[in-house]
Amino acid sequence: MDYYRLLRVDQEASLPKIRVAYRRARRQFHPDAYLSAEPVLRDAVDLIARRLIEAYMVLRNSGQRAAYNKGLSEGKVRYQPESGAEGGRDGRVQEGKTPQGRRSFSLALAEERGGNLGQAIAHLKMALTFERSNEHFREKLVALQQAQKS
Amino acid sequence: MSREVTIGIDLGTSNSCVASVLEDRPRVLANAYGEPTTASVVAFGQDGSIAVGNQAKARVILDPTHTVSSAKRLIGRYYFSEEVKKAKAVHSYEIVSGDSNSVRIQIREETFSLPEISAFVLKEMKSIAEANLNVALTRAVITVPAFFNDNQRQATKDAGRIAGLEVLRILNEPTAAALAYGYGRDLRQKVAVYDLGGGTFDVSVLEIGEEVFEVLATCGDTYLGGDDFDDRLIDVLAELVQKQHGINVRTDPFALEKLKAAAEQAKIELSSRDPAQIKIPGLARIDDEPIGIEYELTREQFSQLTRDLIFRTFKVCDEALQEAGLTVRDLDGVILVGGPTRLPSIRGAVKEYFQREPEVDINPDEVVALGAAIHANSLVTTADQSCLLDVTPLSLRLGIAGGMTETIIHRNSPIPIDHTRIFTTAQDDQAAVSVRIYQGESREADGNTALGEFQFSGYQPGPRGQVQIEVQFAISTEGIVKVSARDPKTGAAHSATVSMSSGLSEQEIQEILAQARARDVVSPDRRASAPQPEPSPAEVDDTSEYLKLPPIDAEAPADAAEASAPPANSICGQMPEDLALPEGAETRTADNREDGPAPEFDATVDIGDLCDEFLSEAETELAGSDEAILGGAEPDDVLLDRELKK
């Protein structure tokens, strides 16, 4: 059963539509509601819940959705990631060894994406105060500063 | 039909609260003094008596080395962690290391694990509830900070077991609060829960709608709590003592406790008065002369002292919103949880950050227990109930070469979730493979929390690179990690052993349970007049008549081999009899501490058919017009992997 059928949406469904479908489906197949049911049914619902989550996580990520659609045309109903599961919700990789450093770094990246170089640089400097020896941070700071000059 | 009574327990760092749903309304159950919360303090008397609660807290000043508070800051942690080091500097009771880098509390001749300490508190909350309701209670939902890792969750669950409770669910505190907030109100909102407890800080962003409470993201800081705010003030006062009297108050446990009590008092006073006066006349004695200090604390000053702590909380808020893909403008409300959020400086900062007033009508001390009670009730009744969709707060990582790790499951992934990977052997005829599991966000192994090393054996050895072992990493609805392995061709499960884990083994828990029955907890925080129904072992164990769940086998023999039941919820099915574990091996498997033997899951059953069955029986939202998409129209469309049938 492919993800679209599972969620009861069209292949072209928009993300908001998918979200609504996902929430409805998860409500219907929620393991908590089956605690008193037969073990076989309980396990089945648990499996469905997991599959729903898998479907939703792939379809809400535009890159993964595209790859999935391609695989679907070849008859693959489940998503197979190319490489290791690195990258967050939208493929961002978490850099940094300390929680504070990571936070500041990802805030810097977010500001950079939003075009606020000044803010990005400020966040990156903050990140460096937590991880003075992080070469990746340092390189990124230099890159941002140069971008700001130009 | 009589409804089973269940309770929700907010097991807090400083204070705990218990609630239950009565006549469809969640209510907090007060202790013998009419107080809704009870201090999470355990006092061990010279005579062997054990007191729990507010009376115990009063004993801190008299006997600080034998009075344990803030156990939640230590539960599920490794002895070498920063938090434990900090606790050793701040608390007067003795913190020592146990096996496998675990933490133990030394009280005179005895050592206690943290689950045992917390179990005393849970037992007390259970007793308070029983006194209120006049019925024996066994089933509870216990809350934990959303950012608790697997070790901490398991340890909390162990504490529940030791306290004689069947823990229906370990529930995240912010989620519980959101549930209490939205209960019965039919809301359609996006909310943020700002939960600053005594020892931890969590932010969760949720979307509530159509009785679905969905956590979009959760972030936290388990090293940050109200206690840290106290510590700042204690530092100032300690310095004052040093300056005025030339003594280091931290070397005198009695003086230190007096200072702490005064600091806490002043902080609370600041909420209604500015400035607050601190006066400790008999702080200590020098040359047999009493010495004291006086200090005037203003709100502004306290704000300055704790500015960086408050700042840290908003960095966490930034991160949570970012993970959720929202800005503060997208939110419809902010919910404050935790006593420390009463501080004017915090309320003000929250209002400024979220650009709105936090929700009123929420009691920050009680809302979590109320939510836990609501959830406990929904788990045992079949009435239409709210649906909680939570996420895992930390990424699950796998140790790879060079002291590095790679992500298996991302943080803020909805749960339950699993990920399967095929491993092979590195050497010819290798008899076992091991995987190291971590939780955290760092690429480097030591930037994360180690959950343990899992060793799998019992497969057919062969030339290197040709043996296939399928390992499944699963995170349950409670955020608890299960790792299991099996042969990808036959589906037969491999035996697993866990090492390097700091938690209690099944054997240790059985021993504690056996001892616990002999120990008596004396606490006046109960209504002395009400009859005390002491649940007999049969009541605790035989819950099968209620919900057809397999009974907790509390009387199971401590036999090592027996204790390692097969993984309860893996798709692997029963473990073959001949895969016995080697003699003397540490036999706590990844999840053999679950309830009793596993129900068999027939991997060949067609999910499509099951759903047919279910859909035709149950009331569904699919009126005739909608095609029952999971119906048997195309029997070849099975959800179950073909791989399983290979």
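Two residues are in contact if their C-beta atoms, placed from the backbone, lie within 7 Å. Among contacts in chain B between residues at least 6 apart in sequence, 70% join residues at least 24 apart. This is a predicted model, in which local features need pLDDT of at least 70, side-chain atom pairs count only at pLDDT 80 or more, and totals for chains, interfaces and linings use all residues. Residues are numbered from 1 along each chain as its sequence is written, while chains are lettered from A and ligands numbered from 1 in the order in which they are written.

**Chain B overall**
- Chain B has 16 helices and 27 strands, where helices (H or I, at least four residues) and strands (E, at least two) are DSSP runs, numbered from the N terminus.
- Of the 646 residues in chain B, 50% are buried; a residue is buried if 20 or more other C-beta atoms lie within 10 Å of its own, exposed if 12 or fewer, and partly exposed in between.

**His375(B)**
- His375(B) lies in helix α11 (residues 367-380) of chain B and counts as buried, with 28 C-beta neighbours inside 10 Å.
- Its C-alpha atom is 9.5 Å from that of Thr6(B), 369 residues apart along the chain.
- Beyond its neighbours within four places in sequence, His375(B) has contacts that include Gly8(B), Arg169(B) and Leu388(B).

**Helix α2 of chain A**
- Buried residues in α2(A) are Ile18(A), Ala21(A), Tyr22(A), Ala25(A), Arg26(A) and Gln28(A).
- Seen down the axis of α2(A), these buried residues fall within an arc of 150 degrees (taken from the directions from the helix axis to the C-beta atoms), so they line one face of the helix.
- Their cover includes α1 (3-7) and α3 (39-59) of chain A together with β19 (387-389) of chain B.

**Loops of chain B**
- The peptide bond from Asp274(B) to Pro275(B) is cis, with omega near 5 degrees, and Pro275(B) sits in the loop between α7 (253-270) and β16 (276-286).
- Another cis peptide bond joins Ile415(B) and Pro416(B), with omega about 10 degrees; Pro416(B) is in the loop between β21 (404-409) and β22 (417-423).
- Asn412(B), in the loop between β21 and β22, has a positive phi of about 65 degrees although it is not a glycine, and is buried, with 21 other C-beta atoms within 10 Å.
- Glu211(B), also not a glycine, has a positive phi of about 60 degrees and is partly exposed, with 17 other C-beta atoms within 10 Å.
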